[in-house]
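Please open the structure in your viewer and keep the sequence beside it, for this tour moves from one selection to the next and says what can be found at each stop.

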Amino acid sequence: MSEKTIGTLSKFTGIPAHTIKYYEKIGLLESSRNEHSNYRSYDMRICTDIYECVKYRNMGFPLKETKELVKEADDRRLEELLEERRLQIEEEIRALTEQKKRLEIFSREIRDLEKRIGKWYIEEYDDFYFRSQTKELNYDGGDYLEADGLNLADRLPVSKTTVWMDREYLSGGRSGYSWGMGIFPGEDRDWIREKKGYRHVPAGRAFVLCLKITGPYVSDGSMAREIAEAYRMFRPGTPPEAFGVRLKITYDKEENDWNYFKIFIPLD
């Protein structure tokens, strides 16, 4: 028999029947209909058409371009579409490589943080930049995540949620802190160096405390008290300022949110 039903065609080609029906619906494939039963039937050429569709889909072509390749493209257009797709794949690889790099950095950061919870130490840090977005718990005006042409949401997790605390707040005051974004650009910092609205904190040594905390820890001052207490184990007095970089949030069985911070206080 030269024609096949959709069930037989699906078994013959290995392509699900619902995919064949969809390709037919959008004009990629054609069938004939029995005028009495209304069943679809397909001639032998349909196998070649199906394999052509799947071939291009397996190379990542969208359906619109797949239809053009199967039904319309001449030699020149085929070469154009293949080259366009190659360039798209190169960009996808670049983007995925960057995502993988960020994921690996973040994984190392949180593994290191978990080992150091409740401990303090001295550490060398690289340049970073702070963009304030609040004054205490009130929005500080401006564009928030977009500043001087940069959307900081696009930079996550290179940019991180950060709280800045001044000496007055760390010594028990009710005000003197600001939420914002800390940007840690690494070696490639040209994109942030000349931007306005960012405080530059030059590289140096820092007193570092890794902290796990829950509740209204900033507004009730509990974070400040823990920082000040740990700092006094290092030297007397109140630290001049502190930056709390939040690296992750997790939840326990009682649905408390636990915030993990790397606190660092730049040292002279």
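Helices (H or I, at least four residues) and strands (E, at least two) are DSSP runs, numbered from the N terminus. This is a predicted model, in which local features need pLDDT of at least 70 and side-chain atom pairs count only at pLDDT 80 or more, while totals for chains, interfaces and linings use all residues. Residues are numbered from 1 along each chain as its sequence is written, and side-chain values use heavy atoms, with hydrogens and water left out.

**The whole protein**

Begin with everything selected: the protein has eight helices and 15 strands, and its C-alpha atoms fill a box of roughly 95 × 45 × 35 Å along the principal axes. The radius of gyration (taken over C-alpha atoms) is 30 Å, whereas a compact globule of 268 residues would have one near 18 Å; that globule rule is 2.2 Å times the number of residues to the power 0.38. Of the 268 residues, 37% count as buried, where buried means under 20% relative accessible area, exposed over 50%, and partly exposed in between, with a 1.4 Å probe and protein chains only.

Next select E13 (204-213), a mostly covered strand in which seven of the 10 residues are buried. Two strands pair if DSSP finds at least two bridges between them, and E13 runs antiparallel to E4, to which six bridges join it; here Glu123 stands opposite Ala206 in E13. E13 also pairs with E15 in the antiparallel sense, over eight bridges, and Ile213 has Asn259 in E15 as its bridge partner.

**Two pockets**

On a 1 Å grid over the protein atoms alone, a pocket is an open set of points where a 1.4 Å probe fits, with protein on both sides within 12 Å along at least five of seven lines, and its lining residues have an atom within 4 Å of a point. Grid points are joined across faces, edges and corners, and a volume is the space filled by probe spheres set on the points.

Which residues lie nearest the centre of the largest pocket? Select Ile105, Glu109, Lys160, Phe184 and Gly186, which hold that place among the 33 lining residues. This pocket has a volume of about 910 Å³, and H5 gives the most to its lining, with nine residues. The lining divides into 17 nonpolar, one polar and 15 charged residues, where Ala, Val, Leu, Ile, Met, Phe, Trp, Tyr, Cys and Pro count as nonpolar, Asp, Glu, Lys and Arg as charged, and the others, Gly among them, as polar.

Move on to the second largest pocket, which holds about 180 Å³ of space and has a lining that includes Phe106, Leu156 and Arg246. E14 supplies the largest share of this lining, four residues.

**A last stop in a loop**

Finally, select Glu194, in the loop between helix H7 (190-193) and strand E12 (199-201). Is Glu194 buried or exposed? Glu194 is exposed, with a relative accessible area of 66%.
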